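Biologist: I would like to learn how to read charge pairs and ligand contacts in a model such as this one. Could we go through it together?

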Amino acid sequence: MLSSRIQILADKAAVVERSLDLVTKRIHSAIAEKEYCTISLAGGSTPKPLYEALAQQPIPCEALHVFWGDERYVPSDHPDSNQKMVRQAWLDKISIPAKNIHPVPTEADDPQQAVALYEQELQAFFEVEAGEFPRFDIMLLGMGDDGHTASLFPHTPALEVSDRLVTIGEKGGQTRISLTAPLINRSQCIIFMVSGAGKAPALAQVLQNSQADTADYPARLIQAEGELWWFVDEAAAAQITP
Ligand code: 6PG
């Protein structure tokens, strides 16, 4: 029996529509509760239409703080940049204050320095000490065909990092910067958006094989302290037993 928070939707457009509904509700409730909302964004292709739809929503963006769950270690104007994708799809279309946008500093001299700088930015914003894990209101995630999430890729050192907020991710030869699993798991509301037949084998392992190794399927590391939602389309759910 699937959890009520694992929802199989007709197609990618339905995944985006369902995600838009929950994200806007959680943004408004966070702002109503504490006058601001923190959201960490996923990269890749699935969430782009969500960001485009969010640009049309009446969100009090002066109270919204935007972070990234992971970033390719490329300049912010590079075609592979998650920051570039989100700015073009959403942030450039709204009047969000520049200080509310918290991109991963990929202009740093080296990836380790980028990790340190982003971790310092998170600690300063959330007013936490070293060793403390802050809580994002909303954490958007995707999942790769290989079961990775954020830039936590199978059989990489990033999967073992438990005492840091940010770490280096490795996808083949491409260096990434990623939030760590323990930080992601602290989130109040985690939303996975998964679409496409290519995700079906990994999604079945992640959601329905309790014996599957997290090293093989890193998305299994995500066991939220708060809400954990999976919005998946029928193609991605093809090997799921409802
Ligand atoms: C990235 C993402 C990554 C993504 C998955 C799924 O930087 O690429 O953060 O974790 O969510 O690879 O990507 P798609 O949505 O493009 O399938």
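Biologist: In which helix do K25 and D21 lie, and how many residues apart are they?

Modeller: Bear in mind that this is a predicted model. Side chains of opposite charge can pair when their charged atoms come close. Both K25 and D21 belong to helix α1, which spans residues 12–34, and they are 4 residues apart, about one turn of the helix. Their side chains form a salt bridge, with 3.0 Å from N to O, and the structure holds 8 salt bridges.

Biologist: Which polar side-chain atom lies 2.7 Å from an oxygen atom of the ligand?

Modeller: A polar contact is a pair of N or O atoms within 3.5 Å. In this case the side-chain atom belongs to S45, while an N or O atom in the side chain of N82 is 2.9 Å from a ligand oxygen, and a polar backbone atom of G43 is 3.2 Å from an oxygen atom of the ligand. Of the 420 Å² of accessible area that the ligand has on its own, the protein covers 87%.

Notes: Residues numbered from 1 in each chain as written. Predicted model: local features only at pLDDT ≥ 70, side-chain atom pairs only at ≥ 80, totals over all residues. Heavy atoms only, no water. Polar contact = N/O pair within 3.5 Å; in protein donor to acceptor, adjacent residues only side chain to side chain. Areas by Shrake-Rupley, 256 points an atom, 1.4 Å probe, with all protein chains shown as cover. Salt bridge = Lys/Arg side-chain N within 4 Å of Asp/Glu carboxyl O. Helix = DSSP H or I, 4+ residues; strand = E, 2+ residues; numbered from the N terminus.
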